[in-house]
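This briefing is meant to be read with the sequence and the coordinates open side by side.

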Amino acid sequence: MKLQFSRAISCAALFALAVLCGDAQDKRDKIEIVPPKSYSAPIFNASTSLQSILDRSVAQMIGGYQNGAFKPEEIAATLIDLRDPSHLSLASVRGDERIYPASVVKMFYMNALERQLEDGKVTMTPELTRGLKDMIVVSSNEATQYILDVLTDTSSGAELPADEFAKWQNKRNRVNRFYSEMGFTNINVNQKTFCEDAYGIEQQSRNYKGENRNALTTNATARLLAEIVLGRMNTPDRTKLMMDLMKRDPFAKTDDQDSQDTGFSGKAFAEMKMTGVRLWSKAGWTSKARHDAAYIETPDGLKFVLVIFTENHANDRETIPTIVKSVLNGLKGGM
């Protein structure tokens with residue numbers, strides 16, 4: 001069976017007033033983010049062998065907890081085999097479930113910014129270079145706020161009257177429209193990330209109760225990472241820039257248990273004493289969530305994307321590496 005992502009426009013849940021004004025505002029907005037001219041949505045082939053590996057890996061992880069302490073609805077995962085770029089194989093567990101992505105959303109903003117830079121709609125400056133690096137390398141929320149302002153020509157501030165807010169929200173949805181045009185569905189990427197909470201118009205944009213907060217699926221996240229890796233999202237030079245920002249060292253010496261290098265997928269390689277492995281990733285974590293989106297290459301030829309989102313186990317630092325190790329062993333057995 002082949003899975004092709006629909007090109008139907010499906011911007012994430014936006015409350016009524018902002019949506020109603022969207023079309024009219026689109027016509028006046030001259031700096032929309034647009035896909036590469038030659039872009040076409042990828043086709044992923046559902047793989048029974050990959051599905052078996054992922055199902056078993058997730059089930060074994062859950063089974064390691066006593067008395068149902070880790071519930072099946074608290075995890076989602078997607079696995080894509082990239083060894084043959086002309087025949088992409090995919091498996092997922094709850095891969096279409098909308099989940100708050102924490103800092104993983106920063107990968108979506110990075111890719112959108114590189115599109116704007118390539119099209120000449122945004123000009124790179126030393127400050128923008130610093131902000132982009134800090135957003136991805138050290139996962140700075142303040143840098144992310146700045147990048148999203150640049151992408152959407154919006155800024156934080158006081159709440160606005162309904163008509164003014166609708167115009168503001170339409171501009172803020174620029175990133176959503178970009179991904180919708182490429183067939184990404186069931187996601188919402190229009191909010192800043194914060195260390196504490198949003199205030200003023202940022203809380204107004206969330207509709208005060210969080211209905212409009214960021215949301216991703218592991219399928220959408222794995223798809224984006226796979227397309228970045230394969231160079232489908234931009235030029236070779238810009239692809240390299242994005243990959244360089246996401247490059248991690250799983251054997252780095254650090255005391256930070258939540259390091260993107262060693263605290264997520266990379267932890268598996270250190271525990272396996274697996275040398276020569278290469279890792280590119282973007283992690284996300286909050287008081288409730290612990291996620292990782294990783295692209296992994298091994299010396300024996302494995303090339304795969306593995307995205308894992310977990311909820312209500314933010315301080316459990318073994319869940320993600322446990323699944324990574326199991327998936328690695330499963331893929332090696334099928335080589």
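This is a predicted model: local features need pLDDT of at least 70, side-chain atom pairs count only at pLDDT 80 or more; totals for chains, interfaces and linings use all residues.

**Salt bridges**

- The structure holds 24 salt bridges, and another of them joins Arg238 to Glu114, with 2.9 Å between the closest N and O atoms. Arg238 lies in helix α11 (residues 236-246) and Glu114 in helix α4, so the pair links parts that are 124 residues apart in sequence.
- Both Arg238 and Glu114 are buried.
- Lys192 and Glu202 form a salt bridge in which the closest N and O atoms are 3.5 Å apart. Lys192 sits in the loop between α8 (174-181) and α9 (201-205), while Glu202 is in helix α9, so the parts that are tied together here are 10 residues apart in sequence.
- Lys192 counts as buried at 3% relative accessibility, and Glu202 is likewise buried, with a relative accessible area of 1%.
- Asp149, Arg172, Lys192 and Glu202 are linked with one another in a network of salt bridges.

**The chain as a whole**

- The secondary structure comprises 13 helices and 8 strands. The radius of gyration is 19 Å, close to the 20 Å that the globule rule gives for 335 residues, so the chain is as compact as a globular protein of that length.
- Along the principal axes, the C-alpha trace spans about 60 × 45 × 40 Å.
- Buried residues make up 54% of the 335 residues, and of the contacts with a separation of 6 or more, 71% are between residues 24 or more positions apart.
- The accessible surface comes to about 14,500 Å², and carbon and sulfur atoms account for 51% of this area.

- Leu128 is part of helix α5 (residues 126-137) and, at 2% relative accessibility, counts as buried. Beyond the residues up to four places away in sequence, Leu128 touches Leu113, Leu117, Val122, Thr123, Tyr146, Ile147 and Val150.
- The C-alpha atom of Leu128 is separated by 9.0 Å from that of Ala143, which is 15 residues away along the chain.
- Ile296 lies in strand β7 (residues 289-297) and is buried at 0% relative accessibility. Not counting residues up to four places away in sequence, its contacts include Phe269, Leu279, Leu302, Phe304 and Val324.
- Val277 also touches Ile296; the C-alpha atoms of these two residues, 19 residues apart along the chain, are separated by 7.3 Å.

**The loop between β8 and α13**

- Asp316 is located in the loop between β8 (303-311) and α13 (319-333), and is buried yet has no salt bridge. The nearest side chain of opposite charge, that of Arg290, is 6.9 Å away, whereas a salt bridge requires a side-chain nitrogen within 4 Å of a carboxyl oxygen.
- Leaving aside residues up to four places away in sequence, Asp316 touches Tyr65 and Arg290.
- His313 is found in the loop between β8 and α13 and is buried, with a relative accessible area of 13%. Its contacts outside four places in sequence are with Ala69, Phe70, Glu74, Lys288 and Arg290.

- Most residues other than glycine have a negative phi.
- Ala102 has a positive phi, near 50°; this residue is placed in the loop between β4 (88-93) and α4 (105-118) and is buried at 4% relative accessibility.
- Asp153 also has a positive phi, of about 55°; this residue lies in the loop between α6 (141-152) and α7 (162-172) and is partly exposed at 46% relative accessibility.

Notes. Residues are numbered from 1 along each chain as its sequence is written. Side-chain values use heavy atoms; hydrogens and water are left out. Helices (H or I, at least four residues) and strands (E, at least two) are DSSP runs, numbered from the N terminus. The radius of gyration is taken over C-alpha atoms; the globule rule is 2.2 Å times the number of residues to the power 0.38. Buried means under 20% relative accessible area, exposed over 50%, partly exposed in between (1.4 Å probe, protein chains only). Contact means heavy atoms within 4.5 Å. Accessible areas come from the Shrake-Rupley method with a 1.4 Å probe; for residues, only the protein chains shown count as cover. Lys and Arg count as positive and Asp and Glu as negative; His and the chain ends are not counted.
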